[in-house]
Protein chains: 2
Amino acid sequence: MTRRLPPLNALRAFEAAGRHLSFTKAAEELTVTQAAISHQVKALEDHLDTDLFIRMPRHLELSKAGKILLPVVTKAFDRIGNSVAQLNRNLASSALTVRLAPSFTAKWLSPRLDDFRKQFPQVDLSLTLSNDPVDFRRQPIDLAVTYGKGNWRGVLAERLLAIDFFPVCSPGYLRTVENLAEVADLERCTLLHDTNRKSWADWLALAGADTVNADRGTIVDDTNVLIQAAIDGLGIALGSSLFVADHLAAGRLVRPFDTIMHSDYAYYIVTTKQHLKRPEVADFKAWLLSQSTMATLESQPR
Amino acid sequence: MTRRLPPLNALRAFEAAGRHLSFTKAAEELTVTQAAISHQVKALEDHLDTDLFIRMPRHLELSKAGKILLPVVTKAFDRIGNSVAQLNRNLASSALTVRLAPSFTAKWLSPRLDDFRKQFPQVDLSLTLSNDPVDFRRQPIDLAVTYGKGNWRGVLAERLLAIDFFPVCSPGYLRTVENLAEVADLERCTLLHDTNRKSWADWLALAGADTVNADRGTIVDDTNVLIQAAIDGLGIALGSSLFVADHLAAGRLVRPFDTIMHSDYAYYIVTTKQHLKRPEVADFKAWLLSQSTMATLESQPR
DNA sequence: GGTTAGCATTAGTTTTACTAATGCATAGTA
DNA sequence: TACTATGCATTAGTAAAACTAATGCTAACC
């Protein structure tokens, strides 16, 4: 870690000066004298060992360094300012705050959410999308749906959806790769990977084709984008029922091989004992589980 | 504006304390005494008029307000820290920095970029995607491709791609809406809008159906998402050749009506005289224009 | 060629931030 | 139960940072 921040008050003076392109106006905004801004900017320039402004008589410009720094600092301060301004509102709200894996939300949760809103109209849901791990001690989050192996410490994790893997590609791609009869023939295909290249290696081992090199192909970091790439005929991806069932049904994707890998990975409901005491958290969790039970009753097309 | 920021040094103390969940460790990180952190956090709590921590003997927790504030402040400081750390690297680089409209990039630029890289392998391209207006005096940007009417002041704007509008929907949607014969029948359809609801009103007026109420339907703020919504059968969108040509060709979309609106809007190349003096900026601009000339030679399927 | 806008500089003052010492509460331990 | 260690709070005094007021400097503007 050891983040090395410049003097913060100097940053504030610089930010105002850069925004106004004027020390005098910045001084007005911060209700100090022009000399104060001049001092602070000078101090920041000394600290960074770069000029931030190009001083011309009666006219101020940002230097290249200033142009790089200004938007970053402005945005950072804006975010803090907004957060502070909304603090009281957020404190007052009793919203149920849920952090979700983006791909899961797009494919599974979104079409079901209306049902939750109908069943629990009084619950004010606030959703945030992120793959980051949740820290219930440092983030205002009541419950999360996270992709992983369920081996997190200090939290309650319950499996929501298991993920299985099998190869999929577009019918068009299948035609371009001639004689894709055996698993070993995958050697001639472009493999599309999700985040890390682990899954393909595992699947190939399961299918008895560990001679095929799994360290090739393209990495795409969002599951839905990965599947779209397969649909667009860029190669063969490892899909799971959750994400490809409708594409298989519509004929946009096909399964060149039958082997299904039952992986350790799944989408988990993650929360804490403490948070579960809030009835709306418990309700949402129960609702999620009820939805997943219904989902498994649907037949999955090959 | 008048953003009201809390004392910044107090924020820094709070952020470190929240991250460590310990005043003592925060003090170590900032190389001050524990008392200093205690003072600063107190001052911030007084300023915000809320507790940020729950103090327990030998154990520190974040209050709800603390949990709301901490991630925001941590991210903000991280960004500033990263930006500062990379300042020298970015100052040294001679990269061509280009700001692009995201939808334009996905559909038009991406497939062509390889060609630029082949023609100008020595140019180190740095792309940022945003619909925000560019301020060449405050942002380190050499050139932008922006959607608008080209009437910006203090910049050079040259039209790259004109945008025409016509209704599109999925073949499936067309079947669900019976007897969609006349423009007036749009009254019975879901209209999908881009950002503001202006375009539909203009098109309806052009098509002679100003009786149809254009203030209905769904707003989607990214063009590609909008088009996807139309493909998914959610309603009728106003598409333009650039974004729907391939979907029309593949039969995923159809045109229920012929009327094409030639709008004032277009994608413009925006830069300044000053920036054009850099040869790589001039090269990139010339390349963009050459690509657009080639594009117009392609026939657009109905 | 005088006037003015706007940043810089200097010296002195005010405000903020910090330290050192100590207090207080309690979890862990014998 | 008493003893020890941990960790934040408080108080009083000190050091450092930030600020002001006055003035200087430069070149654009008329």
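Trainee: Why is A:L21 called buried?

Mentor: Its relative accessibility is 13%. Buried means under 20% relative accessible area, exposed over 50%, and partly exposed in between (1.4 Å probe, protein chains only). The value of 13% is under that limit, so A:L21 counts as buried. The structure is a predicted model, in which local features need pLDDT of at least 70, side-chain atom pairs count only at pLDDT 80 or more, and totals for chains, interfaces and linings use all residues. Residues are numbered from 1 along each chain as its sequence is written, chains are lettered from A and ligands numbered from 1 in the order in which they are written, and side-chain values use heavy atoms, with hydrogens and water left out.

Trainee: Where does A:L21 lie, and what is its phi?

Mentor: A:L21 is in the loop between α1 (8-20) and α2 of chain A. Helices (H or I, at least four residues) and strands (E, at least two) are DSSP runs, numbered from the N terminus. Phi of A:L21 is positive, about 50 degrees, although the residue is not a glycine.

Trainee: A:T31 also has a positive phi, near 45 degrees, and is not a glycine. Is A:T31 buried or exposed?

Mentor: Exposed: its relative accessibility is 70%, and the limit to pass is 50%. A:T31 is in the loop between α2 and α3 of chain A.

Trainee: Why does A:H193 count as buried?

Mentor: Because its relative accessibility is 1%, which falls under the cut-off. A:H193 is part of strand β7 (residues 191-194) of chain A.

Trainee: Which backbone oxygens does the side chain of A:H193 reach?

Mentor: The side chain is 3.3 Å from the backbone oxygen of A:A214 and 2.5 Å from that of A:R216. A polar contact is a pair of N or O atoms within 3.5 Å; within protein, one must be able to donate a hydrogen and the other to accept it, and residues adjacent in sequence count only if both atoms are side-chain atoms. The 3.3 Å and 2.5 Å distances are within the 3.5 Å limit.

Trainee: Which residues does A:H193 touch, not counting those up to four places away in sequence?

Mentor: Among them are A:W200, A:G217, A:T218 and A:L226. Contact means heavy atoms within 4.5 Å.

Trainee: Which residues of helix α8 (residues 223-231) of chain B are buried?

Mentor: They are B:T223, B:L226, B:I227, B:A229, B:A230 and B:I231. An α-helix has 3.6 residues a turn, so residues three or four places apart point the same way. The buried residues of α8(B) pack against several elements of chain B, including α5 (102-119), β6 (156-168) and α9 (241-249). Just after α8(B), B:G233 has a positive phi of about 80 degrees.

Trainee: Which residues come nearest to DNA strand C?

Mentor: Of the 19 residues around DNA strand C, the nearest are A:T24, A:S38, A:R55, B:T33 and B:P57. A residue is near a molecule or strand if one of its heavy atoms lies within 4 Å of it. Of the atoms of DNA strand C that come within 4 Å of the protein, 66% belong to sugar and phosphate.

Trainee: Which part of DNA strand D does the side chain of A:R58 approach?

Mentor: A side-chain N or O atom of A:R58 is 3.3 Å from a base nitrogen of DNA strand D. B:F23 has a backbone N or O atom 3.1 Å from a phosphate oxygen of DNA strand D.
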